[in-house]
Amino acid sequence: MLYLVALLLHYLPLAMGQYDICKSWVTTDDGPSWEFYACQPKAMRMKDYVTVRVDPAGITCGDPPERFCTHENPYLCSDECDASNPDLAHPPKLMFDSENEGLATYWQSVTWRRYPEPLLANITLSWNKSIELTDDIVITFEYGRPTIMMLEKSLDNGRTWHPYQYYADDCMEAFSMPARRVRDLSTTSANRVLCTEEYSRWAGSKKEKTVRFEVRDRFAIFAGPDLKNMDNLYTRLESAKGLKDFFTVTDLRMRLLRPALGGTYVQRENLYKYFYAVSNVEVIGRCKCNLHANLCTFKEGSLQCECEHNTTGQDCGKCKKNFRSRSWRAGSYLPLPNGSPNACAAAGSAFGNCECYGHSNRCSYIDFLNVVTCVSCKHNTRGQHCQHCRLGFYRNSSAELDDENVCIECNCNQIGSMHDRCNETGYCECKEGATGPKCDDCLPNYYWRQGCFPNVCDDELLLCQNGGTCYQNQRCVCPVGFKGVLCQQSRCEADKKDCDGAPSAHGSLGTVLFGVLALQLRGWVDL
Ligand SMILES: *[C@@H]1O[C@H](CO)[C@@H](O)[C@H](O)[C@H]1NC(C)=O
Ligand SMILES: *[C@@H]1O[C@H](CO)[C@@H](O)[C@H](O)[C@H]1NC(C)=O
Ligand SMILES: *[C@@H]1O[C@H](CO)[C@@H](O)[C@H](O)[C@H]1NC(C)=O
Ligand SMILES: *[C@@H]1O[C@H](CO)[C@@H](O)[C@H](O)[C@H]1NC(C)=O
Ligand SMILES: *[C@@H]1O[C@H](CO)[C@@H](O)[C@H](O)[C@H]1NC(C)=O
Ligand SMILES: [Ca+2]
């Protein structure tokens, strides 16, 4: 009980007071109505909602059973870890139970019997929900803190990871980083990732057990040493780029890279005193609800914001159906002290009945038509309610009308298609001979060359003759002595009588001269 009170007092500045109600019923000159505020859930002990994973397989002690000893009593190796005996087992869940007075329960790794191969363990905590840290992360190690470790975080449910803090008894040697302290950071470097030597040096395993990720010290840069000036912190969280995200996580990972050494070198003759043992991981934070909820509940295995302001989603990250006449926005801590709700607005609330499906922030009244219409529809939409796709785009059948991806570009082939419009399933209108959804193919018996043209020759009906070969359906390559589209004509000399086909220019001139001569001989022409 005393512990609980102490806990409450400890969280007091961050848990109570500001931004804890989303709306209140107020009476104004126009009568009673709701007033809306930016709001956020209370901070909670996030270890109660976490799922944990320990890697690699077989790193947890007790299978097979193993003896270990402590740095204080290195030659009395009487402690035993046995996974099959509940009294001697040390499974991962013991990092998250409530500690009874005096009796620590802990997860424990195997000992470093494989030395000099490193003893590595990853402890990954996942919430399947974005969490905003409001207090220090505190990891308690029984039997000594690691001499090298690293904290990583993810903001996307474990798809990508980023370093959060490095810990070593010698930062330069372990990570080639200078040792720094969070207390020495300034307003411009409050979200710097650093290496600290404060939590890795040997001081006796009973004396200094905790490794911290200092959230309070970073808040104190803005809010003062006792976090009294929270207004300043909230103002900075709103304005400093990346600062809010720095304290937001969906997952955390402790990478344990070298165990406690007892203040000396590794003693190969007694490797049973080197291992990791974590009795508690305290993570205090609140659900990230984008300042649209003051409650966060554990439902169906994960945390969910109870969204207000007509927002919805796990983090209240979008507008509810029929409340999309404006684009969604997060609430804001500003102006102090109540912030701005930036609520989603119902279709029809702003003007007449003008829903824009979130593709426009503006409506305008057109006098002579007596209609209200959305202005500057984004995401390639158009129409009074941004409910159609622009020319050259078609409707994405797997997207709702308020989805940013609702319109897909037609991408009609410029040469093969009549124009750049397409029908509702994305098919373009093709020119003669072209085919395919985008008109970038040719029908059978057509070939592609800056468009589709009917085949000149092929291997079936339009065969090249007299030994000619068909070149890419475009023309016959004729052997010497033949010509014509299908090499069907033999070339002939001008003066050969048996030459079939059209007479040559030379031949016709000869015929004319011959005719003139004949006429002369007959006396018809006076010379
Ligand atoms: C721990 O996680 C890191 C990635 O964050 C990975 O590279 C490494 O191999 C993991 N180590 C073990 C022992 O699973
Ligand atoms: C994560 O949360 C989402 C939203 O509540 C839920 O649909 C999903 O099943 C959860 N995933 C896991 C692995 O719990
Ligand atoms: C949300 O919608 C309800 C129902 O239409 C309305 O009464 C309420 O005022 C809306 N809240 C906000 C913050 O706009
Ligand atoms: C269609 O919409 C869905 C849902 O938003 C999206 O995942 C998909 O990428 C969209 N398709 C295209 C081709 O843009
Ligand atoms: C679009 O055009 C294609 C090809 O002409 C056709 O198969 C399809 O049915 C058309 N879709 C619609 C919705 O008209
Ligand atoms: Ca415990």
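A residue is near a molecule if one of its heavy atoms lies within 4 Å of it. This is a predicted model, in which local features need pLDDT of at least 70 and side-chain atom pairs count only at pLDDT 80 or more, while totals for chains, interfaces and linings use all residues. Residues are numbered from 1 along each chain as its sequence is written, chains are lettered from A and ligands numbered from 1 in the order in which they are written, and side-chain values use heavy atoms, with hydrogens and water left out.

**Stop 1: ligand 1**

Select ligand 1 and the residues that surround it: Asp55, Pro56, Asn122, Glu152, Arg253 and Arg255. This shell has four charged residues, one polar and one nonpolar. (Asp, Glu, Lys and Arg count as charged; Ala, Val, Leu, Ile, Met, Phe, Trp, Tyr, Cys and Pro as nonpolar; the others, Gly among them, as polar.)

Now show the polar contacts (pairs of N or O atoms within 3.5 Å; within protein, one must be able to donate a hydrogen and the other to accept it, and residues adjacent in sequence count only if both atoms are side-chain atoms). An oxygen atom of ligand 1 lies 2.3 Å from a polar side-chain atom of Asn122. For Glu152, the distance from a polar side-chain atom to an oxygen atom of ligand 1 is 2.8 Å. For Arg253, a side-chain N or O atom is 2.6 Å from an oxygen atom of ligand 1. On its own, ligand 1 has 360 Å² of accessible area, and the protein covers 59% of that (Shrake-Rupley method, 1.4 Å probe; for residues, only the protein chains shown count as cover).

**Stop 2: ligand 3**

Next, select ligand 3 with Phe36, His309, Asn310, Phe323, Ala343 and Cys344 around it. Here the shell divides into four nonpolar residues, two polar and no charged. The side chain of Asn310 places an N or O atom 2.6 Å from an oxygen atom of ligand 3. Taken alone, ligand 3 exposes 360 Å², of which the protein buries 50%.

**Stop 3**

(Donors are N, O and S atoms within 2.8 Å of the metal, or 3.2 Å for Na, K and Ca; water is not among the atoms, so sites may look incomplete.) Asp97, in the loop between β6 (79-81) and β7 (107-108), and Ser279, in strand β15 (residues 277-282), are 182 residues apart. (Strands are DSSP runs of E, at least two residues, numbered from the N terminus.)

How values were computed: Helix = DSSP H or I, 4+ residues; strand = E, 2+ residues; numbered from the N terminus.
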